Structure formats: structure tokens, C-alpha cells
Amino acid sequence: MNRATIDLWVGIFVTIGIGAVVFLALKVGNLATLETKPSYHLDANFDNIGGLKQRAPVKAAGVIVGRVESIKLDPKTYEAVVGLRIDTGYQFSKDTIASILTSGLLGEVYIGLEIGGDPQMLADGGRIAKTQSAVVLEKLISQFLFDKASSGPAK
Amino acid sequence: MAIPRGKVVAIMGGSGSGKTTILRLIGGQLRARDGKVLVQGQSVRDLSREELFAMRRRIGMLFQFGALFTDMTVFENVAFPIREHTDLDEALIRDLVLMKLHAVGLRGAAQFHPAELSGGMARRVALARAIALDPMLVMYDEPFAGLDPISLGIVGQLIRRLNDALGITSVVVTHDVYESLKIVDYLYFVSEGRIISQGTPQEVRQSTDPFVRQFVDGQPDGPVPFHYPAKPYAEELAARVA
Amino acid sequence: MSHSNSLSRGMRRIGAGTIRAISRTGFMFRFFLAVLLKTPSALHRLQLTAREIYFAGVLSLVVIMVSGLFVGMVLGLQGYDSLNKYGAGDSLGIFVGLSLVRELGPVVAGLLFASRAGSAVTAEIGLMKTTEQLSAMEMMAVDPLARIVAPRFWGGVISMPLLAALFSVMGVFGAYLVGVRLIGVDNGTFWGNMQAGIDFWPDITNGIIKSVVFGIAVSLIAVFEGYDADPTAEGVSAATTRTVVGGSLAILALDFVLTVFMFRGLGNV
């Protein structure tokens with residue numbers, strides 16, 4: 001086993017090893033989609049964000065246009081303040097509606113944007129005024145039961 | 001114990017008598033709790049790490065059975081100390097290694113691996129490695145152990161001739177009486193960590209000391225008893241298990 | 001023999017054993033520091049370390065990659081079976097990806113590494129000790145820690161993360177073969193859900209950190225056991241066993257500790 005052979009094999013090993021790490025990062029993880037594109041910041045307030053997490057996608061018409069950057073609680077209004085980072089290529093009107101949705105039954109929680117008719121667009125640092133909070137399952141059930149009860153005895 | 005410069009001195013004794021310990025004390029692998037070990041006037045115990053390493057570079061050691069590095073060739077084994085401690089270029093190293101191998105008669109075996117060598121050849125390669133840096137002192141730990149008669153003779157002659165030709169001092173730890181008496185200038189007999197006797201080969205051959213006599217003549221019983229200490233035989237036979 | 005005698009003897013042996021274990025741990029720690037201190041000279045001879053990366057890493061490639069493939073395929077089969085019951089068959093990609101990258105990659109590759117490369121290193125160093133090669137080196141004023149031990153340690157530390165990554169890649173590929181090709185999960189969904197669900201931070205980076213930590217633990221145990229082995233045939237054999245067992249247990253224990261620290265509080269963050 002001479003030096004040249006060993007060096008060759010070690011070189012191959014280290015190369016494919018690092019290649020494996022890169023492959024994992026790009027193809028298995030989502031390093032490639034990390035923000036390298038220019039983007040701007042928007043805020044949105046919600047009564048209840050449900051299961052929304054940081055780095056959750058922001059979608060418009062089902063297409064990912066950005067990510068949730070931060071989640072904080074406003075100490076005065078006790079509303080959730082969600083910071084969104086949107087790709088510069090996409091502009092949204094001032095009356096855009098931001099809703100918290102779930103993809104599928106067990107899917108992840110994301111923010112859906114529905115554009116409105118206002119000719120003026122939101123700028124960096126702007127706030128989305130119209131928001132729809134997450135649907136909390138327990139409230140839905142209790143609402144259902146309440147409706148059922150108030151519509152009188154069934155039989 | 002005094003080992004004069006330029007002489008070949010043998011340290012003899014039975015197994016476990018402490019012979020190898022003496023070598024380890026000289027080389028600094030063991031630290032003496034009492035007494036002193038002086039090499040060229042310096043106390044080994046008081047040396048700093050750098051000084052100890054510097055001293056070791058001037059000492060060559062032949063380990064029992066060679067202790068050659070099994071993953072290198074004969075050539076690389078002998079070249080090892082030269083490469084580690086000098087900045088000589090490869091051409092010069094090659095000349096030195098071949099010279100040392102030639103001195104022990106194994107220049108033609110330079111490309112073998114230790115596993116391919118016979119015991120005697122491995123021993124000689126280890127000797128070449130021990131003298132690679134032209135040390136001032138060479139220590140031999142059981143150099144004759146397990147060798148055939150021809151190899152025995154070769155190793156013995158090499159020890160003597162290299163000592164005289166290179167002007168070095170040699171300490172040979174062994175229990176091979178015959179070979180030692182042929183080549184050494186002085187002998188020490190040790191048992192259980194003490195010097196029992198000493199003398200030139202002539203004096204030893206004519207010694208009347210019972211320990212020396214038992215050793216030199218190879219007698220089974222004497223100051224070193226045949227029976228390992230035990231209860232009296234009759235008592236042991238007569239004992240009944242309760 | 002009264003009972004109290006054998007009891008006290010047993011207690012004494014436990015006590016002596018515990019003290020021995022503790023002093024060994026202390027010795028290992030000092031050894032670890034000594035090896036770290038010798039690192040500059042080990043890196044100075046890159047050739048030595050490269051050789052050890054070859055013996056530890058390259059020679060483990062086949063074992064690691066084949067195992068990764070099989071583990072991935074089994075994950076694909078079992079995973080789909082369970083997920084499909086909840087109609088979540090499309091999540092196979094993310095399930096397999098997360099399992100491998102976070103846990104199975106570092107842990108299983110680490111266990112395989114401990115038994116293959118770890119035991120080989122222990123046996124090699126132990127044998128060098130038995131044949132007095134380490135002593136000979138010392139007497140030639142060459143520090144065996146720098147020349148023999150440190151390169152093997154770093155060879156292992158460098159090889160481990162690479163092997164873990166390769167294991168994960170082969171695992172994902174195996175799951176792909178089973179899930180997409182065999183069972184019929186949609187190709188796009190498989191990769192899409194996986195990519196959406198696995199983040200570079202924390203999933204992949206934590207997996208890498210884990211494999212580095214495992215590499216340090218296994219390599220340290222391997223070189224230590226070899227260096228500390230009894231210079232006899234039985235001694236070396238016992239040392240290699242300790243490397244495999246100790247290294248494996250260390251990996252599993254460290255995995256638990258690291259997982260707790262890395263993946264707790266993944267709620268809003």
C-alpha cells in the first residue's frame with residue numbers, strides 16, 4: 001500500500017463524504033431555499049395563531065412567496081404579532097387578507113395570502129390589516145354543540 | 001554497578017531477578033525511588049523531558065525479539081530514528097541505512113517486512129536500527145533469547161565487533177552464560193534485585209561463589225532452590241480434607 | 001465460611017472495582033488531554049493522519065454504505081406501513097429523512113464504526129504495546145502518543161461525520177427505492193415533503209454535531225484501550241471487547257443527552 005494509493009483513496013473518501021453532507025443539505029433539507037433572494041418585511045396581527053411555527057411557509061394561491069420570520073405577543077393588545085419575510089418579486093395590496101390555514105388534515109400550518117383590489121401595495125415594514133385567525137378545533141366543536149343545543153331537542 | 005566506557009558488560013541472573021529493570025532505569029523508562037542512576041555523570045531521574053529525549057538519542061536499545069515496527073520494511077525500520085531526529089535528505093539517509101545493514105550483513109534484505117524475517121535476521125535488523133544514530137551506549141535486552149546456534153554466534157560477534165569498531169559502550173542483559181563469557185569484558189550477577197557477584201570472564205569461570213557456580217554450571221539446585229516453597233511433602237500427603 | 005465473610009468480600013470487590021473504574025476514567029481524561037496536546041505534531045505529519053483516515057474511514061465505506069442502504073429500505077417499508085394507516089403515506093420522505101439525519105445516521109454509523117474501525121485500532125495499538133514497539137519508540141526518543149496514537153485518534157474523528165453523512169444518503173436512497181419505485185409513493189411528494197420538513201438548522205447540523213461527538217468518543221476509547229491494554233494476548237482481546245462495548249454504550253448515552261439538548265423546545269422556534 002504505497003502513499004499515492006492511500007492519498008488517492010483518502011481524497012475520494014473525503015470528497016464523497018463532503019458531497020454527502022452537501023446532498024443532505026440541499027436535497028434532503030431545504031438549505032437551497034434559505035433566503036438568498038432579496039425580500040421585505042410585513043407584519044400581521046392575529047387573535048390566535050394555532051399551530052403556526054417559525055419558518056412556516058407563506059403562500060399565495062398555494063405558491064410559497066415567503067416565510068414566517070418571527071412570532072411575538074403584543075403585551076398591550078395580547079394579540080399575536082407575526083413577522084413575515086416576503087420575496088421582493090411579489091407585491092401585495094393594502095387590503096390583502098392573511099389567514100392561518102392547515103394543509104390537509106394532519107398537515108403543517110401556514111399563512112395564506114389573498115390579494116384584494118386596493119391599487120396601493122404594501123411596502124417594507126407595512127402591516128396586513130385584515131387577518132383571519134386559526135380555526136381551533138375545540139372552539140369549533142363547542143360551537144357545533146351550542147348550535148345543536150339551541151336548535152331545540154332533536155326528536 | 002559501574003559500566004566503564006568502551007567496554008562490554010553483561011548483567012546476568014535468573015528470570016525475574018531485575019535485569020531488565022536496570023535497563024529501564026538507565027533509559028529513564030522507570031524512575032528509581034532510592035539511589036542514583038548516572039549516565040555520563042547526569043542523574044537520569046533529574047532530567048527534564050527535553051534532556052531525557054536528548055539523552056535517549058545517544059542511546060541505542062535492542063529489545064527482546066527485536067520490537068521492529070511491523071508495518072514498515074527493514075529499510076524503513078532502520079531509517080526511522082534517522083528520519084525522526086535528523087534533517088538529512090533521502091539520498092544520504094539511504095546511504096546510512098545501507099551502511100548499517102551492511103554492518104550486520106543484511107543489506108540484501110532491505111525490502112522485506114519483519115514478518116518475513118527469521119528470528120535471527122529480525123534481531124540483526126533491530127541491532128542495525130539501534131546503532132543507526134551512532135549512539136554512545138547500546139543496551140541489549142536478552143539478545144540471545146531463542147536463537148539457533150549460528151545466529152547466536154553472529155549476534156555475539158556483532159556485539160563485540162561493533163562495540164570496538166564504533167567505540168561505544170555495551171550493556172548486555174542475558175542469561176546465556178556461554179556466549180557472554182566469550183565476548184564480554186566484565187560480568188555482574190544479580191538476584192532478586194541485588195548484585196550477588198561480579199568479575200571478569202576469567203574470574204567468573206574460576207569463581208567459588210555458590211550462586212555463580214550454580215549459574216555457570218547450570219545446576220538445578222543450589223542457592224536458587226529447585227523446589228518452590230511449600231509445606232513438607234509428608235504433611236501434604238497425609239492431610240485429609242475435613 | 002460464614003455469610004458475613006463472603007458478603008464483606010463481595011463488598012470489598014465492588015469497592016475496589018469502583019475505585020479502579022474511577023481512576024481509569026481519570027486516566028482516560030488525562031490521556032485525552034495529552035493526545036490533544038500532541039495534535040500539532042500529528043497534523044504536522046499529515047501523511048500519518050491521512051493513512052489513518054484510510055484505515056478507519058475508507059475501509060469502513062462498504063460496511064457503512066451497505067448498512068445504510070438496508071436500513072433505509074427497511075425504514076421505507078415499515079414507515080409506509082405505519083404512516084399509511086393514518087393516510088399519511090405521502091409523509092414517507094420526511095419520516096425517513098428525519099429519522100436518518102437526526103438519529104440513525106450518526107448512531108448506527110457510529111456503532112458500526114466502533115465495532116469495525118474502533119476494535120481494529122485497539123488491537124493494533126495493543127499489539128504494538130505487547131511486542132514492545134511502543135517502548136522501542138520511546139527509547140528512540142520518539143513520542144508514541146504523537147506518532148501512533150494522535151493520528152489514529154484524528155483519523156477516526158475526521159472519518160465519523162463523513163461516514164454518518166454517507167449512511168444517511170444511502171438510507172434516503174434505499175427508502176426512495178422502496179417507497180417510490182416499489183410501493184408507488186409519488187416521486188415529487190416524497191422529495192417535496194422531505195425538503196419542506198427538514199431544515200439545515202437544526203436537523204442536519206445537529207446530526208453532524210452528533211457524529212463528530214460520537215467520533216471523538218469512539219476514537220478516544222479505541223486508542224485509550226489499546227494504549228492501556230495488558231501486554232498479553234488475553235489483554236489485547238479484552239481491550240478490543242471493551243472498545244466495542246464501551247464505545248457503543250457511550251454512543252447511545254451521548255445520543256440521549258445530545259438529543260435532549262438539541263431537540264427540546266422545538267415548538268415555536
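**Reading the chains, sheet and helices**

Q: How do E7(B) and E8(B) pair, and over how many bridges?

A: Strands of a sheet pair through backbone hydrogen bonds, either parallel or antiparallel. Here, strand E7 (residues 186–191) of chain B and E8(B) pair in the antiparallel sense, over five bridges. Two strands count as paired if DSSP finds at least two bridges between them. Strands (E, at least two residues) and helices (H or I, at least four) are DSSP runs, numbered from the N terminus. Within this pair, B:Val190 stands opposite B:Ile195 in E8(B).

Q: What should I know about the model and its numbering?

A: This is a predicted model: local features need pLDDT of at least 70, side-chain atom pairs count only at pLDDT 80 or more, and totals for chains, interfaces and linings use all residues. Residues are numbered from 1 along each chain as its sequence is written, while chains are lettered from A and ligands numbered from 1 in the order in which they are written.

Q: Which strands are at the edges of the sheet?

A: The sheet is open, has six strands, and runs E4-E5-E6-E1-E7-E8 (chain B) with mixed pairing. Its edge strands are E4 (59–62) and E8 (194–199) of chain B, each pairing on one side only. Neighbouring strands are turned by 20 degrees against each other on average, direction ignored.

Q: How do H5(C) and H9(C) cross?

A: Two packed helices are described by the angle between their axes and the distance between the axes. The axes of H5(C) and H9(C) come within 8 Å and cross at roughly 15 degrees. That makes H5(C) roughly parallel to H9(C) (angles under 35 degrees count as such). Axes are lines fitted to C-alpha atoms, for helices over the stretch in contact, and angles run from 0 to 180 degrees between N-to-C directions.

Q: Which chains share the most contacts?

A: Two residues are in contact if their C-beta atoms, placed from the backbone, lie within 7 Å. Of the two pairs of chains in contact, A and C share the most contacts. There, 29 residues of chain C are in contact with 23 residues of chain A. H7(C) gives the most to the chain C side, with six residues. No contact joins chain A and chain B; their closest C-alpha atoms lie 10 Å apart.

Q: What does chain B come to in secondary structure?

A: Chain B has ten helices and eight strands. Its C-alpha atoms fill a box of roughly 75 × 45 × 40 Å, taken along the principal axes.

Terms used
Parallel < 35°, antiparallel > 145°, perpendicular 65-115°, else oblique.
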